[in-house]
Amino acid sequence: NVVDDDLPTSRDFLRLYKRQVRSFRSFYVPHAVSYVFCKLWEEYSTWSHGQLPPVFNSHRWHVEMKRTAYSNEKLKARLGWKPTVSMEEGLKQFFQGCREQARHA
């Protein structure tokens, strides 16, 4: 997994998306709250014998929401790697693609 140096935070990415593609209402949910929500959902699903499927569970939370950080220092030092497209340019192209897709939907 190669990761760029100047990654935006999820808040920054959402702010840019809303500004450049389309605006919508959203609200921040702290990490701890999202984990507790998933645990409660998982426990209710077990207690109710699957009345609500366990789509939000602690395993999935760890896979999708747990904060992780990867370094690309070895790749740079050993192979001289550098990104061919800057993060800024990559985001610009991504948001342009999103706008074009929305026009054709």
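Where is serine 86 found? Serine 86 sits in the loop between α4 (73-79) and α5 (87-104). Helices here are DSSP runs of H or I with at least four residues, numbered from the N terminus.

Before going on, a note on the model. It is a predicted one, where local features need pLDDT of at least 70 and side-chain atom pairs count only at pLDDT 80 or more, while totals for chains, interfaces and linings use all residues. Residues are numbered from 1 along each chain as its sequence is written, and side-chain values use heavy atoms, with hydrogens and water left out.

Back to serine 86. Serine 86 counts as partly exposed because its relative accessibility is 42%; buried means under 20% relative accessible area, exposed over 50%, and partly exposed in between, with a 1.4 Å probe and protein chains only. The side chain of serine 86 reaches the backbone nitrogen of glutamate 89 at 3.1 Å. Along the chain, serine 86 and aspartate 4 are 82 residues apart, yet their C-alpha atoms are separated by 8.4 Å.

Serine 58 belongs to helix α3 (residues 58-64). Serine 58 counts as buried because its relative accessibility is 13%. Its side chain and that of glutamate 42 are joined by a polar contact of 3.1 Å, that is, a pair of N or O atoms within 3.5 Å, one able to donate a hydrogen and the other to accept it, with residues adjacent in sequence counting only if both atoms are side-chain atoms. Leaving out residues up to four places away in sequence, serine 58 touches Tyr35, Cys38, Lys39 and Glu42, where contact means heavy atoms within 4.5 Å.

Now the core. Which residues make up the largest nonpolar core? The six are Tyr17, Val21, Met87, Leu91, Phe95 and Cys98. Such a core is a set of buried Ala, Val, Leu, Ile, Met, Phe, Trp, Tyr and Cys residues joined through side-chain atoms within 4.5 Å. α5 gives the most to this core, with four residues. Apart from neighbours within four places in sequence, tyrosine 17 is in contact with Arg22, Phe24, Phe95 and Cys98. In soluble globular proteins, nonpolar side chains tend to be buried together.

Last, the pocket lining. α1 (10-20) and α2 (31-47) each supply at least two residues of the lining of the largest pocket, and α1 gives the most, with five residues.
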